[in-house]
Amino acid sequence: MPISQPPIEDGAVQIHQGRIVAVGEWKDLRCDDAEDLGERVLMPGLINAHCHLDYSGMRNAILQPSSFSNWVRRLNELKRTVSDDDYLDAIAFGFSELKKWGTTSVYNIESFPELMVRMPAPPLRTWWFYELLDIRSRVHTDDVVAGALAFFESRPQWLGGFGLSPHAPYTTSLGLYELSRVCCEKYAMPLMTHLAETIEEYEMFASASGVLYDFLAPLGRDMSDTGKVTPIRHLFDSGALPVGAILTHMNFVSEDDWGLLAQRHADFSVVHCPMCHEYFGREFFPLERFREIGMNLCLGTDSLASNKALNLFEEMRMLMQKHPSVRPEDALAMVTVNPALAIGLAGQLGELKEGAFADLIALPFDGKGKSLVEAVVANRTQVEWTMVNGGVQPPA
């Protein structure tokens, strides 16, 4: 199932040096050293467009909170009890969970980049987004970014790349957003940020009030930028977001915001995390409106601190349950070709075609009942065969 073209019965994929060199029928690509996977669906590995692997050890640790601010308080309490070794173990566990459910690429927010010098090469294609906050005067400079890039340049065997993630407008100043934009443009890096996630964030910026405002003001955050505009306009009007930025959540959008987004729909991608959305009991996600204006939509899992699994099959099913207008083909695009476009690798990631990375998974399929794409989205079995960069991975 190439994704970008119709399924090929009795199909085959030819691979050389980590790339796909041919996709077609077995009779045309027959060779002596082929691996026969039997009656399965061979397809590109899934792409998780938003994850926090650091918190993979916190599954079921936080009961559904009464507010997002209370969830943040509880998360911070838990973080104070976790050692560096615990975080490294959590990241390794998170990778195994991702692989178990068919993910071969992940866009991960890394809150503790200092841990990475102790980290083995990741088993999946991973983009590490260095989280940036300055709510409590943590200093970040261009030299810090250059040092992080040097880290990746010294590890060429690591698949994926490096990006920046100014956390959110309520924890990151416009100055730090601007620095992030300049660095991303200078070094051709992706940028991801949390934006318009909660009604509390919306109230803080639009009216200088609410639970989040009351939570952050005593911490010393300069609140002079609040009570003026929505979080989306706050960032858009400042010009602090580079073209290509990945905007995560985007749950609370005003009519004025929709006008801005419609004008710049081709400049950004949006990531929705359906299971996390359900965990927080949030209002209806405006997916249909995003589709109407032509935004590139992707799916992510967020973290196990606000989700029970790192399973994109569940995310697709929850998406379709909440949004009946979404077809299985649409949901599948949101975990394959759409996030590939978001990271700047359209045609190289998330599909089976000549020149693409050889990142593949195989799923059981008996040919009965559901259509092929429906059967894929309905998959509830752990993925037993995974290939990343042309190498078959051991089962999770």
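I began with the largest pocket, which is lined by 37 residues, and Gly11, Ala12, Val13, Leu37 and Leu42 lie nearest its centre. For my notes, a pocket is an open set of points on a 1 Å grid over the protein atoms alone, with protein on both sides within 12 Å along at least five of seven lines, and lining residues have an atom within 4 Å of a point. This is a predicted model, where local features need pLDDT of at least 70, side-chain atom pairs count only at pLDDT 80 or more, and totals for linings use all residues. I number residues from 1 along each chain as its sequence is written, and side-chain values use heavy atoms, without hydrogens and water.

I noted a volume of about 1200 Å³ for the largest pocket; a volume is the space filled by probe spheres set on the grid points, which are joined across faces, edges and corners. Strand 1 gives the most to this lining, 5 residues (strands are DSSP runs of E, at least two residues, and helices are runs of H or I, at least four, numbered from the N terminus).

Next I looked up the second largest pocket, at about 880 Å³. Of its 36 lining residues, Val72, Leu75, Asn76, Lys79 and Leu133 are the closest to the centre. Helix 2 supplies the largest share of that lining, with 6 residues.

Last, is Asn338 buried or exposed? I found Asn338 in helix 14, residues 337–342. Asn338 counts as buried because its relative accessibility is 18% (buried is under 20% relative accessible area, exposed over 50%, partly exposed in between, with a 1.4 Å probe and protein chains only).

Key: On a 1 Å grid over the protein atoms alone, a cavity is a set of points where a 1.4 Å probe fits but cannot get out, and a pocket is an open set with protein on both sides within 12 Å along at least five of seven lines; lining residues have an atom within 4 Å of a point.
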